[in-house]
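Please open the structure in your viewer and keep the sequence beside it.

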Amino acid sequence: MPRHILVFYGSYRRDRQGIKLAHWIVEALNARGDSAELIDAKAIDLPMLDRRFSDYAPGEAPATMAELAAKISAADGYVFVTGEYNGGLQPGLKNLVDHYLDGFAWRPAAIASYSAGPFAGVRSATAWRTTLGAMGMIVTSTPLGLARIGGAFDADGNPAGEDGTRIARAFPRFADDLGWWIDAANAQRAAQAPPF
């Protein structure tokens, strides 16, 4: 049975580069036999956080918010594709995630970070580890970092150049780590109910 994985992406910028990485990860996970789906914060366009999904009475949340809550709860694991904004988190992705808490707990998450420069978004990835852990997710130990994203994909969305080749080589280990934790978490959830 394929693992169902949500791939979250959060840039709202006009000339988004990270969307190339997000699409490629979805395709690469699907090619491995998993069922991956892109969750694009810009396309969903939730308002700035005022009320979380859990603040609404059953059936009263906006339809878009309720649909995403159902997808989050049904997923086996997550990939967070994040750029680095001034050394920190992308506000669009953080805002999307902050609308939810229930559903994420006891599920694995992996972080794929990127940047226009040579550091591959490492500071953003570090900040996301703390945030995702605080939300009850198990964050895998194998990150995926892409430097110089502007030249890392060709016109067809395939990895290109030195940085693209590097990420294509690193991806199987990244996906294997996430898959192992998803399988372990699913087995544990099947054996017993979570403590909360």
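Over the face of which residue does Arg51 lie? Select Arg51 and Tyr56: Arg51 lies over the face of Tyr56, at 4.2 Å from the ring centre. A charge sits over a ring if NZ of Lys or CZ of Arg is within 6 Å of the ring centre and within 35 degrees of the ring normal. Select Arg13 next, which lies over the face of Tyr85 at 6.0 Å from the ring centre.

Two remarks on the model are needed before the tour continues. This is a predicted model, in which local features need pLDDT of at least 70 and side-chain atom pairs count only at pLDDT 80 or more, while totals for chains, interfaces and linings use all residues. Residues are numbered from 1 along each chain as its sequence is written, and side-chain values use heavy atoms, with hydrogens and water left out.

**The whole chain**

Display the protein as a cartoon. It has six helices and six strands; these are DSSP runs numbered from the N terminus, with helices (H or I) of at least four residues and strands (E) of at least two. Followed from the N terminus, the elements run β-α-β-α-α-β-α-β-α-β-β-α. The radius of gyration is 16 Å, close to the 16 Å that the globule rule gives for 196 residues, so the protein is as compact as a globular protein of that length. This radius is taken over C-alpha atoms, and the globule rule is 2.2 Å times the number of residues to the power 0.38. Along the principal axes, the C-alpha trace spans about 50 × 35 × 30 Å.

Buried residues make up 44% of the 196 residues. Here, buried means under 20% relative accessible area, exposed over 50%, and partly exposed in between (1.4 Å probe, protein chains only). Of the contacts with a separation of 6 or more, 78% are between residues 24 or more positions apart; contact means heavy atoms within 4.5 Å.

**The aromatic cluster**

Select Phe8, Tyr78, Phe80, Phe104 and Trp128, which form one aromatic cluster. Rings of Phe, Tyr and Trp (its six-membered ring) pair if their centres lie within 6.5 Å; planes under 30 degrees apart count as stacked, over 60 as edge-to-face and the rest as tilted. By this rule the count comes to 13 aromatic pairs. In one of them, the rings of Phe8 and Phe80 have their centres 4.9 Å apart and their planes at 10°, so the pair is stacked. Phe8 lies in strand β1 (residues 4-9) and Phe80 in strand β3 (residues 77-83), so the pair ties together parts that are 72 residues apart in sequence. Both Phe8 and Phe80 are buried.

Tyr78 and Phe80 form a tilted pair, 6.4 Å centre to centre with 55° between the planes. Tyr78 is buried, with a relative accessible area of 0%.

Select Gln90, in the loop between β3 and α4 (91-98). Is Gln90 buried or exposed? At 0% relative accessibility, Gln90 counts as buried. Beyond its neighbours within four places in sequence, Gln90 is in contact with residues including Gly10, Ser11 and Tyr114.

Move on to helix α4, where Gly92, Leu93, Asn95, Leu96 and Val97 are buried. The buried residues of α4 pack against several elements, among them β1, β3 and α5 (122-134). Focus on Asn95, which has a relative accessible area of 9%. The side chain of Asn95 reaches the backbone nitrogen of Leu49 at 2.9 Å, a polar contact being a pair of N or O atoms within 3.5 Å; within protein, one must be able to donate a hydrogen and the other to accept it, and residues adjacent in sequence count only if both atoms are side-chain atoms.

**Two loop residues with positive phi**

Most residues other than glycine have a negative phi. Select Trp106, in the loop between α4 and β4 (108-114); phi of Trp106 is near 65°, a positive value. Trp106 is partly exposed, with a relative accessible area of 37%. Finish at Arg148, in the loop between β6 (144-146) and α6 (161-191), where phi is near 50°, also a positive value.
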